[in-house]
Amino acid sequence: MALRSVRKARGCWSSIRALHKGPGARSAPRVSMKDGMKRVFSGIQPTGIPHLGNYLGAIEGWVRLQNEYDSVLYSIVDLHSITVPQEPTILRQSILDMTAVLLACGINPEKSILFQQSQVPEHAQLSWILSCMVRLPRLQHLHQWKAKTAKQKHDGTVGLLTYPVLQAADILLYKSTHVPVGEDQVQHMELVQDLARGFNTKYGEFFPVPKSILTSMKKVKSLRDPSAKMSKSDPDKLATVRITDSPEEIVQKFRKAVTDFTSEVTYDPASREGVSNMVAIHAAVTGLTVEEVVQHSIGLDTAHYKLMVADAVIEKFAPIKSEIKKLKMDQDHLEKVLQAGSAKAKELAYPVCQEVKKLVGFL
């Protein structure tokens, strides 16, 4: 069955190439892991439309990494998404919607492997093996477990507790050498590195110990509470700017953004969180430095400046929104992209997982 699905995916790959072939495109990474090859892995949950923070903090960097590394894999991590309850029909559509968003933002199946996590069962198999190597207190002391269970009180699931182990399996399954992460994932990367070292100590050198690629963009803050990061789940609808928001919605959200009572535009995150968030966003979407943004804003009060930032965000997202709309009209194409990517990911994952089983002692 696996061989037949691989052949089928190869057959549809030529049509995908025609739709997503960009300048300087090259074929996807080879199955074998050459000595010294650098491989990047990262994933994103298919829960809700990505927001400005997701784009600036992750997706934009993913597009750049396609051109900088030998082998790149990006996964829509649907197994992670069910650590909280999901409506099946909505989840299925969300997986396709996320595929459309990533393609529209510039993820190119010619330069990277874009795939659906649950279509590669080796992720779950390796996760179980690794989960038998980590102590319960280690997971209970992770910051995100504490933060999420505090919100859910006593309703946190076993999946929510152990998802960092699945995250480690996602990375190690492809012998990844580099992982782009934000500040809030540093603890989880330390767990990944410790599991790689622990496995190597017990069974012999096998997994590379992956290195973190810290994103240059710090956390994008909530527009309504600049002490908190922008979030898909924020109950205040004005707090989060989504990639697919209309120009009118974006203007409204920035107009209502919390700043302070000083009208001058300056960058001082310690004492002026709200205005500094505006400046950081403005710099990121225009490609200017913070210093250049502040210099260009001399003479503007914060009310007018917020509208300037809104215009810059609208301009940045306009072509992406247009491409998302086109891609979502062809769901068959989106499914083929995932099928082809998942087949390629499985070609890489299967031999690694088989070797792990042998090392562990399975027949």
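Me: Where does the second largest pocket lie, and why there?
Reply: The second largest pocket lies between domain 1 (39-219 + 331-360) and domain 2 (247-327), because both give residues to its lining. The domain bounds come from an automatic or database domain assignment. This is a predicted model, where local features need pLDDT of at least 70, side-chain atom pairs count only at pLDDT 80 or more, and totals for chains, interfaces and linings use all residues. Residues are numbered from 1 along each chain as its sequence is written, and side-chain values use heavy atoms, with hydrogens and water left out.

Me: What volume does the second largest pocket have?
Reply: About 410 Å³. A pocket here, on a 1 Å grid over the protein atoms alone, is an open set of points where a 1.4 Å probe fits, with protein on both sides within 12 Å along at least five of seven lines; lining residues have an atom within 4 Å of a point. Points are joined across faces, edges and corners, and the volume is the space filled by probe spheres set on them.

Me: Which helix gives the largest share of the lining?
Reply: Helix α11 (residues 273-286), with six residues. Helices are DSSP runs (H or I, at least four residues), numbered from the N terminus.

Me: OK, packing now. How do α11 and α13 cross?
Reply: The axes of α11 and α13 (residues 302-328) come within 9 Å and cross at roughly 30 degrees. Axes are lines fitted to C-alpha atoms over the stretch in contact, with angles from 0 to 180 degrees between N-to-C directions. That makes α11 roughly parallel to α13 (under 35 degrees; over 145 is roughly antiparallel, 65 to 115 roughly perpendicular, the rest oblique).

Me: And what about α4 against α13?
Reply: Helix α4 (residues 88-105) packs on α13 at about 135 degrees, with the axes 8 Å apart. So α4 is oblique to α13.

Methods. Helix = DSSP H or I, 4+ residues; strand = E, 2+ residues; numbered from the N terminus.
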